[in-house]
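Me: I would like to go through the labels given to parts of this model and ask what stands behind each one. Please set the values against the cut-offs.

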Amino acid sequence: MRLLNSAVLVLSSAASMVAALGQEKIISFDSGILQLAGGSVENGQILVSSDEYWGVIRAAGDLAADFGRVTGRNLTLSNGESGSSPASYEYDPVNNMNNTFAGSSPSPQYTTLAPESFPGPQYSDPTPESTLIIVGTIGSSSIIDALIEDDKIDVTEIDGKWESFVSTVVKHPIEGCSKALVIAGSDPRGTIFGIYDISEQIGVSPWYFWADVPTKTQKNLYVCKKSKVQGEPTVKYRGFFLNDEQPALTNWVANNWEDTPYGAGYAPAFYSLVFEVLLRLRANYLWPSLWGTMFEVDDSGNQPLADAYEIVLGTSHTEPLMRAQNEFGNFYEGDWSYNTNNETIDEYFRYGVQRAKPYARNSLWTMAMRGTGDTAIAGLGIEQIVTMLETLIDNQRDIIQEGLGLDDVSEAPQMWCLYKEVQAYATEGLEVPEDVTLLWADDNWGNIRRMPLKNESDRSGGAGVYYHFDYVGDTRDYKWINTIQLEKTAEQMQLAYSRGSDRIWIVNVGDLKPLELPISHFLDMAYDAEQFGIDDVQTWLTMWATREFGEGNAEEIADIMTKFGMYAARRKFELVEPQVYSVLNYNEAEAILVQWASLREQAQALHDSLDGAYQPAFYQIILHPILGGETLYKIQIGGAMNNLYGWQKRNAANDVIDSLLGWMNDDNEWTETYNGLLDGKWDHMMDQTHLGYDGYWQQPMRNSLPMVRYIQTSRVSLAGHVGMGVEGSNATVQGDDKFHSNSGVELTVPPMDPYGPLTRYFDVFWRGTNSCEWNASPEVDWIVLSESTGTVGGENGTDTRVLISIDWDSVPEDFEEHTLYINVTTPCRASGFDKYAYPEPKVLVPVTKRSVPSDFTEGFVESDGHVSIEGPHYQKSTNSSSDEALSYHTFKNYGRTLGGVGLFPMGIEKLSLEEAPALDYELYLFSNSSAANVTLLISPSHNYLADADPLEYGIALFPAGQEPDAEDITLVQPVSGVVGTAMPDGWAYAVADSVWGLNSGNMTTSPFSVPQEGAYTLRIWCLLPGIVIQKIIVDMGGVRESYLGPPESFLVGRDELGAYNQTSFINTPDALGGVGNGFALRKTGGSSSNGGGDDDDDDDDDESVASRVGTGMVGVAALVAAAMCLR
């Protein structure tokens, strides 16, 4: 083993730390009513009772060591008796070489080996005068019980409660001790949480081992409050599932521990670290690793160790009655088919119950069964499966009751995970016993499929949620690094909580690393859902950053990780491919890369400014995901640029290939750096492949580049040395290609008007062997170019992006609409042969001069044949219902660009159109159309109240100042019903895109008639909270292909003509990671933390757009490759 000798990082600091995250403060570094370290305190001691739970004693030992981490001197631990040996947890290990029954009915038995034990921490002889802390569990600690009997502590608020504790300073708690901090728990985990509450408040992060968060050293520690009472957690069982653990976690485990008889070393040395971090995070529940392991069999100490630590052990949705998935295939004969092999399978279950019986106090039983290897039951129709499962669960309950010797089987907590196809069985009438918890699941992509109905709220077993931060399967694996948007997690889990899902929250975390951040958030919400609600993510992030990295950098770290969460969640990294983001329209790819580059600069600068002890943790949780994410995006968008340049026959296509090779090396460097941190402590933890998915859902066996095109640059293009392309088109002139008519020499940029983007562009590029000068001259002088001359090729030549703007003040009064031209010429034609084949090229610029009437004072204005609106930017919300609480809620920093808006409060039942409040968006439309298509991009929610009560919204587009008639309102059910085990129509595209409405079909598109130019109102009624509107696109015939949709349109009353940039989505006001009215392009030779933009208006009103853009501007190519930098 190479790992566990790694040193704990410490920092010298007198700075105050945040209290245990979200918890009431009881520790101070300055002053208080009881000093625990410093001053006259020399050799402090923690006192436990000899009859205490072993897990509590072990945690008390951790606290003693945590004092050493903070102050440099451990506390001692005593049980009040001199000469005591360490506490011992004794167990009879199962014979893991024989994992079936020995003997025959009626009394088959599993076999065990000679007794073994887990030793607790070392005891010291008691020194009452040095006793600082006393810990114990009500009813299991003679010391605590005596204090209660003597009225020295008041436990009335926690007695009989679940996982609660009181911490209080007591005078003369024992003979010889003048004052001590007493921590009394309502049960063993309550006591443990009280212990770790102190550990966290003195400065030891729960992630001190798993993320190498350094511990701040302190000279003085005080208890600053007389008493603290911590009540019950919101969710009863809270934990995570180690899953999809190959290659990374398994390789890391195998690299650090000896193999078990059955595989990699998933044994007590590993699981003790997992159990500890769960408890330090105030969690209590684990589904152990699954695919290449057998938790109870790999090492006979695993199951008793969980009980010893006071971890509630469960098994995944595919592992019933405490038996690992791989046990049946390894140790039993016959098919995993209850209808044909039930006697064998019943015996298999009986063995699991008997094996778990000694640890039943800390067991939560997974019921029913699925098919082999996380699949559906095969060979039967749904009705037959439902009948079989009802028989099976009755038999399982009999086996549990008999095996555990219970009077009532409901005494054993049970859950049925309604995952994937199992949910369809419930829809088909599957009856589940009332005391069995219904564990509803998400769709593997963070969208909960079903939540408790109103008539299910009083079930004694309650309900829970199985959620995913990691997944292997359709539409594609995602298990490389963190891609979780905390705001989305909060929205979904708070929706579930509002409907009564509070018995179990468990989340699939893959390898555990590198998901430390979303794990912490999820478990803190589960512990206190009221404190950390849908609007508290930023607060939580700041508190988390303060705990892990100190108060001074907390707000910036929160800002960094908020932006990262959105950028990474727009589309899972594994699903990002060259064709996803447009390199042609709306400057989309450029803006994406600007955001990533700016974020990387911000994170790298902060990393480099930190004390060295902080840097490993910062790299693991923050910097590496950003470096890796940006590099992946550069590779995939670079692949798109190479293909575009290849189609256009640009020499620069080859430069992109060079850059792609460099970025692949960067990707490997980030991996090697991570794996090599702290002398290789995390070697292999970043072994997961993530580049090279080829349409198949499963991980590629090696990372690889996207397909590229290489240009033969030794010979000139048949169309000459100089080529030209325009925004919005793959075509190039002069010359022929499949993107424009043969021998065509004109390319048209998207239209320009006062309410549209400030600039359009065309590119002039090299596609030959000789250096050539070029010149551009517009038809009229009020078409302004950022560059009018340049050179391609040679030592000083460069490809150039020319920005086109309009000096609207100089446009003639009588001008209305016309397509104007820009001539682009080169003297190289005179000596070339291309002059015989092709005329000189032109750029065509459609220009329209128009304005809205003076009485249109607020609303979005059509330009370029569309109106694009961010959901939260509505003009008015109206509520005609008598329920004044009904309203619309803005989800900040949520979704793909800015936020979302949805119905509130979250726990309400479905509304009728008459009951629902409405959102009004005011528009001014210049076009007339019989089919104005209004598309809502909404979060990929499901019909969580079942298909009988589906998600639904009403929508109407009507002349402003009027009210719509009933026939003018379209009711839309965006999520189709499901049949059997199928998912809703278009689901695979919706979860990949992170919205319904983009590629998932036309379910969220509604056509309306716009008979004439004028002001219109778009009104939307959400009938359920699950409808969260991220973006609205009104297509009047001009919308072009993109991933995020057009940038938000000009808003009268907010935006200033000639100032609102609108060239990309990051110009949108309030956009997360936006640049205000700065340009999405970054200046050559410089950078800024906001991506190169400027949030301030320009001081010089006479400055033209072109002069504000200036020379030296670069487009995506500069981010794609310095060698092909656009000037």
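Me: What makes R1019 and E963 a salt bridge?
Reply: This is a predicted model, and in it the closest N and O atoms of R1019 and E963 are 2.7 Å apart. A salt bridge requires a side-chain nitrogen of Lys or Arg within 4 Å of a carboxyl oxygen of Asp or Glu, so the pair qualifies. R1019 belongs to strand β41 (residues 1014-1022), while E963 sits in the loop between β38 (953-959) and β39 (970-972). The pair therefore ties together parts that are 56 residues apart in sequence.

Me: Why is R1019 called buried and E963 exposed?
Reply: Buried means under 20% relative accessible area, and exposed means over 50%. R1019 has 9%, so it is buried. E963 has 56%, so it is exposed.

Me: What makes R69 and D66 a salt bridge, and how are they placed in helix α1?
Reply: The closest N and O atoms of R69 and D66 are 2.4 Å apart, and the limit is 4 Å, so they form a salt bridge. They are 3 residues apart in helix α1 (residues 54-71), which means a separation of about one helical turn. Both R69 and D66 are buried.

Me: Why is the contact between R397 and D435 called polar?
Reply: The side chains of R397 and D435 make this contact at 2.9 Å. A polar contact is a pair of N or O atoms within 3.5 Å, so the distance meets the cut-off. R397 is part of helix α10 (residues 382-404). With 12% relative accessibility, R397 counts as buried.

Me: What makes E149, D150, D151, D154 and E157 a patch of negative charge?
Reply: Asp and Glu count as negative, and these residues gather on the surface. Members of a patch need over 30% relative accessible area and no salt bridge, with like charges joined within 9 Å. E157 has 55% relative accessibility, so it passes that area cut-off and also counts as exposed. E157 is located in the loop between α2 (142-149) and β9 (165-171).

Me: Are D244 and D864 buried or exposed?
Reply: The cut-off for buried is under 20%. D244 has 7% relative accessibility, so it is buried. D864 has 8%, so it is buried too.

Me: What is the omega of the peptide bond from V733 to Q734, and of the one that joins F904 and P905?
Reply: Most peptide bonds are trans. The bond from V733 to Q734 is cis, with omega near -5°. The bond between F904 and P905 is cis, with omega about 5°. Q734 lies in the loop between β22 (722-726) and β23 (746-748), and P905 in the loop between β35 (899-904) and β36 (918-925).

Me: Why is P959 called partly exposed?
Reply: Partly exposed is the class between buried, under 20%, and exposed, over 50%. P959, in strand β38, has a relative accessible area of 32%, so P959 falls in that class.

Definitions and conventions: Residues numbered from 1 in each chain as written. Predicted model: local features only at pLDDT ≥ 70, side-chain atom pairs only at ≥ 80, totals over all residues. Heavy atoms only, no water. Patch = residues over 30% accessible without salt bridge, like charges linked within 9 Å, V, L, I, M, F, W, Y side chains within 5 Å. Areas by Shrake-Rupley, 256 points an atom, 1.4 Å probe, with all protein chains shown as cover. Charge placed at Lys NZ, Arg CZ, Asp CG, Glu CD. Helix = DSSP H or I, 4+ residues; strand = E, 2+ residues; numbered from the N terminus. Buried < 20%, exposed > 50% of the residue type's maximum accessible area, 1.4 Å probe, protein only. Polar contact = N/O pair within 3.5 Å; in protein donor to acceptor, adjacent residues only side chain to side chain.
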